[in-house]
There are 2 protein chains.
Amino acid sequence: MDQNKVISYYSDRPKILVAVDCIIFGFDEGELKLLLMKKQMGSKIGEWSLIGSFIDPAEDLNDGAKRVLKECTGLSDVYLEQSYSYGIVDRVPGDRVISIGYYALIRIDDHDKETVKEFGAEWFKFNSRPALIFDHDKMVSDAVNKLKRKTRNQSLGFELLPEKFTIPQLRQFFEEIYQISIDKRNFRKKILYMDILKKLEEKDKANSKKGAFLYSFDREKYESNPDLKALF
Amino acid sequence: MDQNKVISYYSDRPKILVAVDCIIFGFDEGELKLLLMKKQMGSKIGEWSLIGSFIDPAEDLNDGAKRVLKECTGLSDVYLEQSYSYGIVDRVPGDRVISIGYYALIRIDDHDKETVKEFGAEWFKFNSRPALIFDHDKMVSDAVNKLKRKTRNQSLGFELLPEKFTIPQLRQFFEEIYQISIDKRNFRKKILYMDILKKLEEKDKANSKKGAFLYSFDREKYESNPDLKALF
DNA sequence: ACAAAAGTGTTACGTGTACACCCATGA
DNA sequence: TCATGGGTGTACACGTAACACTTTTGT
């Protein structure tokens, strides 16, 4: 028996269309945002949808999601994670398409606004986004739930914020994601106690005359103490 | 424009084989167990593998996973949840197969031992399971991580335990899943305080002369207080 | 009578939460 | 000088963790 030869055993089995859809989050002007586009082909042309693509048989799932992200934002080094797979037979009318959802977190400042525009994509405030085609609304809500869990247990929030941010900004970020209000004294106390922020010498005076000190996320310190559980 | 007609738009796109693989957990004799089978077709015949199947284009993903579970255990009303999707191009040598992992929790007492035997499946202690084919070991470790998280935040443990169980058994269950030891006084105090267990009049004398009272999970009470976070 | 597991309470400590005032600055 | 957001400290309540002895009963 030739154990090392690689043969196809399943070439006769029925195959299925596989797609990835990206739930792309951003954070800007104190609000959670979502990148969407108008559907340009197939059914439901002109309606709003997540940004996705079919997967080529020669392409890894993850690579497919990265490709989509690169195509529509120009970015390639962003936080990207698989969220959930959607496999109801008639989720896309007329074709059997399984879709794997990926959610991405990007700093809105960083990305290439031209690419987005050319691509026909648009940023929406999360709380006033349009209804989406197919099961994409479900995909979004699943992804935002993962985002909530992850921003709480891991350092994920920092992927959405700019490199330099103030503590009030960071607090606002959590307040927005969770739709709650957080005591500013306790928040500052805890986040500084965690010792995962680097205080910079600069101040950001965009929001007040006094100005708030800027901080940056200290990834090294974080690695040795990855527990953000009790922030609020 | 005929908006209601359902047409196939993507029939020319390349398709991919899609499979589901089930990570089936049980709990018995104080130990976490895993149901595995010897591969019977394709490559790697005779090596241990998760129990899976290809998905038919006319079958929902979830239904495929349910079908697999029914075929190998005879059970259809069990806890079953999607865990993660695996899509590296060469994960299965010779064919492009995307696999969606599902993990199931079953009460070992309940299931049909004959069906399992006929199917060629076998229960392994989690800690002394054999190496698995392809990326199935990764699938198992991803699933057990989800299991840990879920048994902590939700009531999931009760899906693995028998209908009636003692408090020492329940504690042993958590100790096994997390590989830690838990103070029995504190554990009892907390779990009873949560008020999600019904105390029965029977005792289980299997493990001691004195006997331990049996309890059952009170799903109704749980629904109104689904917070198990602080058990240990 | 003894071995083996079940069952029970109290205390010390740390963490979370609530809360009000001063500071710096630009207009 | 005043309006605005930034920044600070303390007291109390609560939950967690540590810990040792008694009870029951089959052999």
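This is a predicted model: local features need pLDDT of at least 70, side-chain atom pairs count only at pLDDT 80 or more; totals for chains, interfaces and linings use all residues.
Between chain A and chain B the count of salt bridges is zero, although 20 residue pairs, both members at pLDDT 80 or more, are in polar contact across the two chains.

**Chain A against chain B**

- The contact involves 40 residues of chain A and 40 residues of chain B, and the two chains bury about 3,700 Å² between them, with 61% of that area on carbon and sulfur atoms.
- On the side of chain A that touches chain B, β1 (17–28), β5 (79–86), β6 (97–106) and α3 (136–153) of chain A each supply at least two residues, and the largest share, four residues, comes from β5(A).
- By residue class, that side of chain A divides into 22 nonpolar, eight polar and ten charged residues.

**Domain 1 against domain 2 in chain A**

- The domain assignment of chain A gives domain 1 (9–151) and domain 2 (161–231), whose centres, taken over C-alpha atoms, are separated by 29 Å, and each of the two domains contributes eleven residues to the contact.
- The area buried between these domains is about 1,100 Å², of which carbon and sulfur atoms give 57%, and A:F27, A:R107 and A:T151 supply 50% of the area that domain 1 buries against domain 2, more than any other three residues.
- One salt bridge is found across this domain interface, and three residue pairs, both at pLDDT 80 or more, are in polar contact there.
- α3(A) gives the most to the side of domain 1 that touches domain 2, with four residues, and that side divides into three nonpolar, three polar and five charged residues.

How values were computed:
Residues are numbered from 1 along each chain as its sequence is written. Chains are lettered from A and ligands numbered from 1 in the order in which they are written. Side-chain values use heavy atoms; hydrogens and water are left out. Contact means heavy atoms within 4.5 Å. Buried area is the accessible area (1.4 Å probe) that two parts lose on being put together, summed over both. A salt bridge is a side-chain nitrogen of Lys or Arg within 4 Å of a carboxyl oxygen of Asp or Glu. A polar contact is a pair of N or O atoms within 3.5 Å; within protein, one must be able to donate a hydrogen and the other to accept it, and residues adjacent in sequence count only if both atoms are side-chain atoms. Ala, Val, Leu, Ile, Met, Phe, Trp, Tyr, Cys and Pro count as nonpolar, Asp, Glu, Lys and Arg as charged, and the others, Gly among them, as polar. Domain bounds come from an automatic or database domain assignment.
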